[in-house]
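Open the model in your viewer and keep the selection tool at hand. Each stop below says what to pick and what is there.

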Amino acid sequence: MKIRIDIEYKGSEYYGWQKQSSGNTIQNEVEMALKKITLEKINVIGSGRTDSGVHATNQVATFNLNKKINLKGLIIKLNKELPSDIRIKSYKQVSNNFHPQHSAKNKTYIYKIKNKGKIKICIKIANMNPEPTSIKLSIKLRTYPHIRY
């Protein structure tokens, strides 16, 4: 049974999404919590990697379960096991063809850049705005016709 979860997290205390040999990651936290609940080693696949300190409001991930389980109960337990800065917002069973990266139709990134103090040379040369700035970037991804969404 393949499960899709939508995750929200504050990444300040983590070294990004993907498991690493050193440093705690979001993927590692989710996998450890799932193992504690299901007593199975479960590999969680995310829709993409994030850098250290990056937050997410709706990162999609999937994992497979070897047995039927009450999904609502699993997610309630999972949110209790996870640190308070990681939350599963929603969940559903999906087709085995669903892949969090390849099945994505779009991704949105928001970059917040905060300039601390005025750097006169940069302002003079590049006409940079010394105030905090937000940039929203939306990317339309290619769809794969052989995959059922």
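Start by selecting asparagine 79. Leaving out residues up to four places away in sequence, asparagine 79 touches Ile86, Arg87 and Ile88. Keep in mind that this is a predicted model.

Is asparagine 79 buried or exposed? Asparagine 79 is buried, because its relative accessible area is 16% and the cut-off for buried is under 20%. Asparagine 79 belongs to helix α2.

Now show the whole of α2. The helix lies across β1, β3 and β4. Against β4, α2 runs at about 160°.

**The sheet**

Next, colour the strands. There are four, in an open sheet with the order β2-β3-β1-β4 and antiparallel pairing. β2 and β4 are the edge strands, and each of them pairs on one side only. Strands of a sheet pair through backbone hydrogen bonds.

Select β1. Seven of its eight residues are buried, so β1 is largely enclosed by the rest of the structure.

Look from β1 to β3. The two strands pair in the antiparallel sense, over seven bridges. Pick arginine 4: it stands opposite threonine 62 in β3. Then pick aspartate 6, which has valine 60 of β3 opposite.

Turn to the pairing of β1 with β4. Eight bridges join these strands, which run antiparallel. Which residue of β4 stands opposite isoleucine 7? Select isoleucine 88 to find it.

**Helix α1**

Move on to α1, residues 26–38.

At the start of the helix, select threonine 25 and asparagine 28. A side-chain oxygen of threonine 25 comes to within 3.1 Å of the backbone nitrogen of asparagine 28.

Next, pick out the buried residues of α1: Ile26, Gln27, Glu29, Val30, Glu31, Ala33, Leu34 and Thr38. What do they pack against? Show β1 (2–9), β3 (56–64), α2 (71–81) and β4 (86–94) to see the partners.

Stay on valine 30. Apart from neighbours within four places in sequence, valine 30 is in contact with Ile5, Ile7, Val44, Leu78, Leu82 and Ile86.

**The core**

Widen the view to the largest nonpolar core, which has 23 residues. Select Ile5, Ile7, Val30, Leu34, Val44, Phe63 and Ile86, the residues that touch the most other members. Which elements give two or more residues to this core? They are β1, α1, β3, α2 and β4.

**Last stop: leucine 39**

Go back to α1 and step just past it. Leucine 39 sits there with a positive phi of about 65°.

Leucine 39 is found in the loop between α1 and β2 (45–46). Leucine 39 is exposed, because its relative accessible area is 75% and the cut-off for exposed is over 50%.

Asparagine 79 is buried at 16% relative accessible area, whereas leucine 39 is exposed at 75%.

Methods: Residues numbered from 1 in each chain as written. Predicted model: local features only at pLDDT ≥ 70, side-chain atom pairs only at ≥ 80, totals over all residues. Heavy atoms only, no water. Expected span 1.5 Å × (residues − 1). Buried < 20%, exposed > 50% of the residue type's maximum accessible area, 1.4 Å probe, protein only. Contact = heavy atoms within 4.5 Å. Polar contact = N/O pair within 3.5 Å; in protein donor to acceptor, adjacent residues only side chain to side chain. Pairing = 2+ DSSP bridges. Axes fitted to C-alpha atoms, helices over the stretch in contact; angles between N-to-C directions. Core = buried A, V, L, I, M, F, W, Y, C linked by side-chain atoms within 4.5 Å.
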